[in-house]
Amino acid sequence: WRWDHVLVNIGNHFDLKASVFQAPRRGIYSFSFHVVKVYNRQTIQVNLMQNDYPVISAFAGDQDVTREAASNGVLLMVEREDRVYLKLERGTLMGGWKYSTFSGFLVFPL
């Protein structure tokens with residue numbers, strides 16, 4: 001999944017082209033996401049990844065709903081230069097930043 005717009009990127013640690021956040025420092029970070037599926041009769045699964053390992057997931061699979069949303073969030077211990085991003089495992093997401101979002105921020109530096 002690739003993002004098409006960035007609203008806030010203080011420090012430029014989110015690479016829009018790669019759609020990856022790279023942590024500038026070690027600490028506790030808060031990450032959340034909200035995604036919307038496009039078509040009915042499909043299931044979406046999205047994983048929040050840290051260095052290519054899934055941390056949390058969200059699913060939407062109601063077969064009778066055209067547009068359905070899935071969300072999740074986590075406080076995560078992140079090391080300097082760790083990469084955090086979303087990976088679409090299954091399904092098709094509604095395009096555009098107005099429908100699907102990904103946010104993260106440093107809560108407590110270590």
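Strand E3 (residues 27–36) is joined to strand E8 by eight bridges, and the two run antiparallel; strands here are DSSP runs of E of at least two residues, numbered from the N terminus, and two strands pair if DSSP finds at least two bridges between them. Within this pairing, Ser 32 has Ser 103 of E8 as its bridge partner. The model is a predicted one, in which local features need pLDDT of at least 70 and side-chain atom pairs count only at pLDDT 80 or more, whereas totals for chains, interfaces and linings use all residues. Residues are numbered from 1 along each chain as its sequence is written, and side-chain values use heavy atoms, with hydrogens and water left out.

Strands E3 and E8 belong to an open, antiparallel sheet of three strands in the order E6-E3-E8, of which E6 (69–78) and E8 (101–109) are the edge strands, each pairing on one side only. Elsewhere, strand E7 (residues 83–90) pairs in the antiparallel sense with E2 (residues 20–22) over two bridges and is joined to E4 (residues 44–50), also antiparallel, by six. Val 84 in E7 stands opposite Phe 21 and opposite Gln 50.

The structure holds six aromatic pairs, defined by ring centres of Phe, Tyr or Trp (its six-membered ring) within 6.5 Å, with planes under 30 degrees apart counted as stacked, over 60 as edge-to-face and the rest as tilted. Phe 14 and Phe 102 form a tilted pair, 6.2 Å centre to centre with 50° between the planes, which links strand E1 (residues 14–15) to strand E8 across 88 residues. Phe 14 counts as buried because its relative accessibility is 14%, the limit for burial being under 20% relative accessible area (exposed is over 50%, partly exposed in between; 1.4 Å probe, protein chains only).

Conventions: Helix = DSSP H or I, 4+ residues; strand = E, 2+ residues; numbered from the N terminus.
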